[in-house]
Amino acid sequence: MNAWLARNLVYRPATWLRGERVFGLLRRYEASQWWSEAELRRLQEDALGRILRHALRHSRHYAALGREAGLDAERADAGDLTRLPLLTKPDLVEHAAAIDVARWPGTYSWKTTGGSLGVPVRLKKDRSATAAEQAASWRSYGWYGVRPGDRQARFWGTALGARARLRFRAIDWVLNRDRFSAFAFSREDLRGYYRRLVESRPAWAYGYVSMLVQFADFCREEKLPLEALGVGAVVTTSEVLAPGDRERICAAFGAPVYNEYGCGEVGAILYECERGTLHLMAENLWVELIPDPTESRPDAHRLVLTDLHNRATPLLRYDVGDRVVPAAGCACGRGLPAFREVFGRAYDFVEAADGRRFHGEFFLYHLEEARDAGMPILQAQFVQERPDRLRVRIVPGPGYREEDGATLARRLARESGERFEVATETVGGLEREASGKLRLIRALPAPRGGPSVGRTPQDRAERGAG
Ligand SMILES: [Zn+2]
């Protein structure tokens, strides 16, 4: 679709229909990025006071915490935030219902996120928060010469169920993007992807690092001239962008590569600017940095976030589980707080005996479908025991039956094209890595090298509107 038409006759009316003021906010955010740090901080502190009072008044969870801390729900302000405890991912899973604030249907959407804990986390996001997230993302894509409506090649998850697939197709049409599944891809699939790219001529590409690296390598090996397609920018997300990966993607596409960092719970957090500095989406998020030095990065901090706009599931002092290294500022002149590096998140592939690769999201989707169908699964972990054999470790909830595990195993085997023999077992709890992290996937090393592996997903494939 023509970019102007897509922007003005499809996407813009769609945002109005959903009650999301994306374009109005985008104009504001394009201006506020140049404000001084002090001006931005005032804006943040006002919003922080508002969301804090809202949570103390209307969320059962925060009302209780506020009482314990002796906070006054009517007078609390930004300075009181740190009197509340940190919210961890397990807290969010456990207390989601109590954190939620009652909202009219149609004023929020559900977001599913989580991977690394072995359970998806579901939370509500209200329309204004979704609009703020999208405005911040479009503002940053603008740094790369991308505007709303520009044709996008999206290397991303695809839905497994028919209904979800239709929904994704509609969202992709509204946002003028062409989707390339990151779940399973043989060389034939990749060749087909290249042919589709030649037809759709995207202005930019977006997707998982691992998938883009894989595709870039394939095109180089097959001498397919990806760089001749005129892709203007590549934005990578959801995984660590190692310098070597950046170079491979950049060389193959003949386009600059930019890193996006976000999580499903709060959306986009950091974007890389033209100078290579990561900037905080300060209009949407309040950040606290807790020193957490490591051997190689004495400057590392834990990243603790407060979502300034989501009134449906307020997230205050949320510890996303990642680390950042702050920067003193950036020569680009933006007042948005600057960071040199973000790390701690990563992704897993499972490679079958025939070389076909299954992205971590593939397993997460199946787990979520099983839960949606009513299977009481608290946590699960997918362990590749042999190239053709998977074991699913399940922490069962009340009412779990052996038949549930058998159904999940049959589905996985079928959807993998019978590449895996799948067994399930129930366990009392999942083992943690030495790092303390729970991993959704434990894959065997890929026999043919391939992209860097040994990583765990943080994001559910679709973020917000998808
Ligand atoms: Zn900058």
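1. A residue is called buried here when its relative accessible area is under 20%, exposed when over 50%, and partly exposed in between, with a 1.4 Å probe and protein chains only. By that criterion Trp-138 and Tyr-141 are both buried. The model is predicted, so that local features need pLDDT of at least 70 and side-chain atom pairs count only at pLDDT 80 or more, while totals for chains, interfaces and linings use all residues. Residues are numbered from 1 along each chain as its sequence is written, and side-chain values use heavy atoms, leaving out hydrogens and water.

2. The whole structure holds 17 aromatic pairs (rings of Phe, Tyr and Trp, the last by its six-membered ring, with centres within 6.5 Å; planes under 30 degrees apart are stacked, over 60 edge-to-face, the rest tilted). Trp-138 and Tyr-141 are edge-to-face, because their ring centres lie 5.4 Å apart and their planes stand at 85°. These two residues are three apart in helix 6 (residues 127-143), and are therefore separated by about one helical turn.

3. Tyr-141 also forms a tilted pair with Trp-204, at 4.8 Å centre to centre and 50° between the planes. Since Tyr-141 belongs to helix 6 and Trp-204 to strand 6 (residues 204-208), this pair ties together parts 63 residues apart in sequence; helices (H or I, at least four residues) and strands (E, at least two) are DSSP runs numbered from the N terminus.

4. One aromatic cluster includes Trp-138, Tyr-141, Trp-156, Trp-204 and Tyr-206 among its members.

5. Glu-260, in strand 8 (residues 257-263), counts as buried because its relative accessibility is 2%.
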